[in-house]
Amino acid sequence: QVQLVESGGGLVQAGGSLRLSCAASGRIFSMNTVGWYRQVPGKQRELVAAITSGGSVRYADFVNDRFTISRDNAKNTVYLQMNILKPEDTAVYYCNANIRSTIRDAFDDYWGQGTQVTVSS
């Protein structure tokens, strides 16, 4: 059983910063690409940033150099440092990870429960 737990969300004023964490636990043999997504009510979930096991990263256009994704493979944890936050960044942020539990298993996608980020103007 694999679990992803996000943390670090909260209420912040525009221009402020938050650091989100996504910790994977359970039976993990290998963790491939991990992505941060966000969703607001009535809209589709959208990719914010992703990082591969080798450290290659990609960001959504709206990030505009404000966010940084990183990972600590020893801790099976991925971070999203968010700076210069704007009210339109308000959303529930979810972590998604591609994980293989044993060497014989295929990779499966897992989602965390989400963490609320609210940016006030």
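Q: Is N64 buried or exposed, and what is its relative accessible area?
A: Residues are called buried under 20% relative accessible area, exposed over 50%, and partly exposed in between, with a 1.4 Å probe and protein chains only. N64 is exposed, with a relative accessible area of 56%. This is a predicted model, in which local features need pLDDT of at least 70 and side-chain atom pairs count only at pLDDT 80 or more, while totals for chains, interfaces and linings use all residues. Residues are numbered from 1 along each chain as its sequence is written, and side-chain values use heavy atoms, with hydrogens and water left out.

Q: Where does N64 lie, and what is its phi?
A: Strands (E, at least two residues) and helices (H or I, at least four) are DSSP runs numbered from the N terminus. N64 is placed in the loop between strand 6 (57-59) and strand 7, and its phi is near 55°, a positive value in a residue other than glycine. D65 lies in the loop between strand 6 and strand 7 and has a positive phi of about 65°, although D65 is not a glycine. D65 is exposed, with a relative accessible area of 77%.

Q: How many disulfides does a search of the whole structure find?
A: A disulfide is a pair of cysteine sulfur atoms within 2.5 Å. The search finds 1 disulfide, which joins C22 to C95 with an S to S distance of 1.9 Å. C22 lies in strand 3 (residues 18-26) and C95 in strand 9 (residues 91-100), so the pair ties together parts that are 73 residues apart in sequence. Both C22 and C95 are buried.

Q: What is the order of the strands in the open sheet?
A: Strands of a sheet pair through backbone hydrogen bonds, either parallel or antiparallel. Two strands count as paired if DSSP finds at least two bridges between them. Here an open sheet of 4 strands has the order 1-3-8-7, with antiparallel pairing. Its edge strands are strand 1 (2-7) and strand 7 (67-72), each pairing on one side only. Strand 3 and strand 8 (residues 77-82) pair over 6 bridges, and L18 has M82 in strand 8 as its bridge partner.

Q: Which residues have the most contacts inside the largest nonpolar core?
A: In soluble globular proteins, nonpolar side chains tend to be buried together. A nonpolar core is a set of buried Ala, Val, Leu, Ile, Met, Phe, Trp, Tyr and Cys residues joined through side-chain atoms within 4.5 Å. The largest one has 28 residues, and those with the most contacts inside it are W36, V48, L80, M82 and Y93. Strand 9 gives the largest share of this core, 5 residues.
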